[in-house]
Every structure is written in C-alpha cells, then in structure tokens.
Amino acid sequence: MIHLSTPITETAIRALKVGDEILLSGKVILSRDIGHKFMVEQKPEWLKPILEDAVIYHCGPVVAKNPDGTWCFVSSGPTTSIREEPYQAEVLETYRVRGVIGKGGMGKKTSGGLQKVGACYFHATGGAGALLAERVKRVVDVKMLEEFGSPEAFWIIEVEDFPLVVTMDSHGGSLHDEVLATSQARAQALMS
Amino acid sequence: MSTCEIPKLTSLEIVEGKSVLPKGWKAELSQPATLDLGPAVLELIRRSTSRLPQDVIEALVARRNAEAEGSRGANTLDTMLENVVLADEHVAPLCQDTGNVIFWVRHPFGVSQRRLKAQIRDAVAEATKRSWLRPNCVAALSGKNPGNNLDPFGETHPVIHFEEWERPGIEIQIMQKGGGCENVGAQYRLPDAALGAGRDLKGVRKCIIDAVVKAQGQGCSPGILGVCIGGDRVVSYERSKELLLRKLTQTNSDPALAKFESDLVADLNSLGIGPMGYGGKTTVLGLFVEELWRHPASFFVSISYMCWSSRRMTLQVEPTGAAVFE
Ligand code: SF4
C-alpha cells in the first residue's frame, strides 16, 4: 500500500505504476458527464485553483443534508469512466489534474493525456459506496449544484485513506489491457 | 490476516428495531379493498438496499480465502466485505447505484394489482426521499429526472411483475439491478459462426465464456450469471434476470445443468479477470442456468449479469398477515 496525499507532485505521480495499490488522502473533486462537457466547453477560470494537483472523481453520490445545513455523503462509489473519454485528456491538460478516479478504465486518448501531464487513472472498488462514503471526511464545498443537480455537481471533498488501484499510469501502461489479453488467451484455450 | 472470517451483520433484533413497521404490524389480508402493503414494501427496500444476502457474503468470503494472500484480488474482496458491514451498520445503500428496482409479486385471487402497484410506487418514492434509493429513473432522450424514481406513465420504473397463485399469502421479491452490470448482459442467437457455437450445451458454454470475457470487470465482478436457454427474445431475457433471485447455495434441480454450472464456474474463475477486473482467481460467484421451450427456428441464449452487490430480498406476507423478510 502506498500513501498518497494532495497536492500531488509530478515526481510522485510518475513514480506510480500499473497495479500499485494506493491509499489517497486530501482534496478530491467529483465530476461526471455534464461537468466534463462544461469544463471543456466553458473552461471556467474559477475551477483552475480548485483542480490543480488535485484528483477528479467520477461519481454521482447519494448525499443527505444535515439539520445544520451541511452535507453528508451516504454512498459514493465510482461510476463508469469511459463516458468521459472525449473530454478527459483536455481536462487533464487545462487544469493540471494529477489523477482521475473511476471504474472500468479509459481509452487511448486519456492515456495520452496521462502521459503528457503526468497523471494516473485510479480505479476504485465499484459497489463499495458505503465504505467510500465513510472515507469522505468533509464536504468542503459544492459548485453548480443548482445548475447540474446533485449527482452531476462539482462536490469538493476531503478524503482519508481512499483505497485505489493504479490501472493506468503516466507511462502508457494499462492493467485493463493486460487483463483483457490474458483472459482472451485463456478463453481461447477453454473454447477449443 | 491470513484468512478472513464471515463478517457479522447487525443482529435481527437491531434490524427489527430499526424497522419502519410498527411492532406486531399485520396486513389485513381478509380486507382486499383496504389492504395496504406500502409500509412493508418500504421496509423491504430498506433492508435490500443496505443488507447483502447471507449466501452472497459467504461466497465472497470463500473466494477471498481462495485468492493469494496480500494480492489485489484478496484486498479488493476485503474492501467489498468491509463495505457490506458498514452499509448494514449505517442503513446506507451498499452501492450508490441503487439500481433499477424490480419487483415480483405473487398474490391470491381477489387482490387488486392496481392498488398494489400504487402502494409499491409510493414506497419507492418514499425510499428515494429517505436516501435509500438514488433517483435513477430518467427520460430516455432528454435525461429529465423526476427525482422520485417513478416514471410518469407507470410503465417502466419501478418494474413490477404480477402473478396470481393458489396460496393464501402474498410474496413480494425485490431486486436492485445496477446499471453497470445491466450493461454487460448479452443475448446470443445460435448457431453463432464467429464463436463456433452450435445449438447444444457446448455452444451455450461458449456464449457464456464470451460474455464474461467481454464484460471484464465492468459489471463489478465477481458477478453472478443468470442464463436462460430458449424462449423468445423477451421471455428469455426476463427469465435470465429472474434467475438471479436464486440463492447461491441452491443447486439446479436438473443434475446435468447442476454439473454444467459448477464446472463452468471453475472454468470462468480460471480466466484471470478477478475482482473489479484487477486480475485474480475470482471472476464469478455463481451461475444459474435454465432451459425454456422455444420456436424451432430460434435458439436464444440470454445472459443477465449481476454485480457482486447482489441486492435481493423476499417479503412473505403470511396468511395471518404477519410480514417475514428473508
Ligand atoms: S454494477 Fe457496480 S456500480 Fe453498478 S450497482 Fe453493481 S456494484 Fe454498484
């Protein structure tokens, strides 16, 4: 297990390789479909200081409002990342993000962005919504809540020991490609 | 930790204590005109969204202990099991994707399906308000979300299947079917030249292997597979999903299919896809196969994939009116 905290330096992220297991602490920003389209099309300045050297999380959480008006994450596991493939590389470059958390992995274009900027794709355990919500220590802020709705808003959170696996690194490696190749070869053998 | 023990969920007393049903609640089965199962359905949702069935937990533990110590596979299964305990403790959704909510209702003659449907829909909306369900029902093209999990036409969400039976009680089964795993389901039509699959069990086996390899970790493996052979396209798919209500400990009543299931589970777990597709010895937890009658010209193999977070639960309203959850 490797402990990693935001802000993340380029050196720290370049040292990571596919298969590494990580416990991430620090600032994470939630964003999915509407947010990614917005980031690429509008490129809002106010997001830059929020995202720099931080990590984006593909997640549409179940949130609840506390009686005092603050927010609490009830369940917040990863959502499928590939939907952000058209936008991710540009988002990484524009905002100097050091990592993306999601599930299912991403494509060639994103891999190019990870290599260029110095960033990793971190895979979270799908279905571990309750555990991952427990590791959210604080909801710092939320942006575009009215405009995008709760599952799509930019939730800015602080996490502690978020369990992740590096499945795409800044050197072009992909655990998804490796596992796909081995399983296809084994399937061939099973079917013959 | 060299092996992991079966984690203990909160005791039934605590669960009963948190129930939305008042103690000693009974349904007025003898008064079909005023019968209200709404509160019991709400309790069914509360339990199903936060408590993973015991057989699934035990299967996850057994597979955790089959993975190499300290491997990604073992650690990932540990994370899943930790999640199971937390969700139960906090009555929080196991997964933030609380799924398509599907019900199977079996009732005696004289019970109004129209009334039951309204009660189930109200319970779903209430569960959404309480954050037990995420608002998961959107308009196909515009993406508009009513926010209460009810499609305005009462057709597609929640999904409710009704059947009249000869028994005096009522049974309501719920399944929460996640979007990620729903997306990796597949339907094949045999013969399939590309796969070299003919109209026999060998051909069916090829379809299943192919679907699991294509799914990789995308359906949140380890998955549970419901496979229906035969039927028309619709019934075939529908039954493959209904099969996912089966307990992992229940063996197929057809000995040939039972053997087919257990042999193929071992083969699938040799694919190396592993939990979440990180690699490992655990790709599936179980496989349920059923054969249906078919048109001579068609031979469908329909595969429904359920993620490890297999949320299902049964409510039995006994002839006395008492509600039993299992
Ligand atoms: S497929 Fe994964 S993300 Fe979707 S409901 Fe299942 S566990 Fe949750």
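Colleague: How do the residues of the shell around the ligand divide into nonpolar, polar and charged?
Modeller: In this predicted model, the shell divides into four nonpolar, five polar and three charged residues (Ala, Val, Leu, Ile, Met, Phe, Trp, Tyr, Cys and Pro count as nonpolar, Asp, Glu, Lys and Arg as charged, and the others, Gly among them, as polar). Residues are numbered from 1 along each chain as written, with chains lettered from A and ligands numbered from 1 in written order. Local features need pLDDT of at least 70, side-chain atom pairs pLDDT 80 or more, while totals for chains, interfaces and linings use all residues, and side-chain values use heavy atoms, without hydrogens and water.

Colleague: Which residues surround the ligand?
Modeller: Chain A gives A:Lys103 and A:Gly127, while those from chain B include B:Cys95, B:Asp97, B:Cys220 and B:Arg311, with a heavy atom within 4 Å counting as near. Because residues of both chains A and B surround the ligand, the site is shared between chains.

Colleague: And where does the ligand lie relative to domains 1 and 2 of chain B?
Modeller: The ligand lies between them, because domain 1 (12-178 + 311-325) and domain 2 (180-306) both give residues to the shell; the bounds come from an automatic or database domain assignment.

Colleague: Changing topic, is B:Ser50 buried or exposed?
Modeller: B:Ser50, which lies in helix H2 (residues 38-50) of chain B, is buried at a relative accessible area of 3%, where buried means under 20% with a 1.4 Å probe and protein chains only. Helices are DSSP runs (H or I) of at least four residues, numbered from the N terminus.

Colleague: What is B:Ser50 in contact with?
Modeller: Beyond neighbours within four places in sequence, the contacts of B:Ser50 (heavy atoms within 4.5 Å) include B:Val84, B:Asp88 and B:Leu94.

Definitions and conventions
Helix = DSSP H or I, 4+ residues; strand = E, 2+ residues; numbered from the N terminus. Buried < 20%, exposed > 50% of the residue type's maximum accessible area, 1.4 Å probe, protein only.
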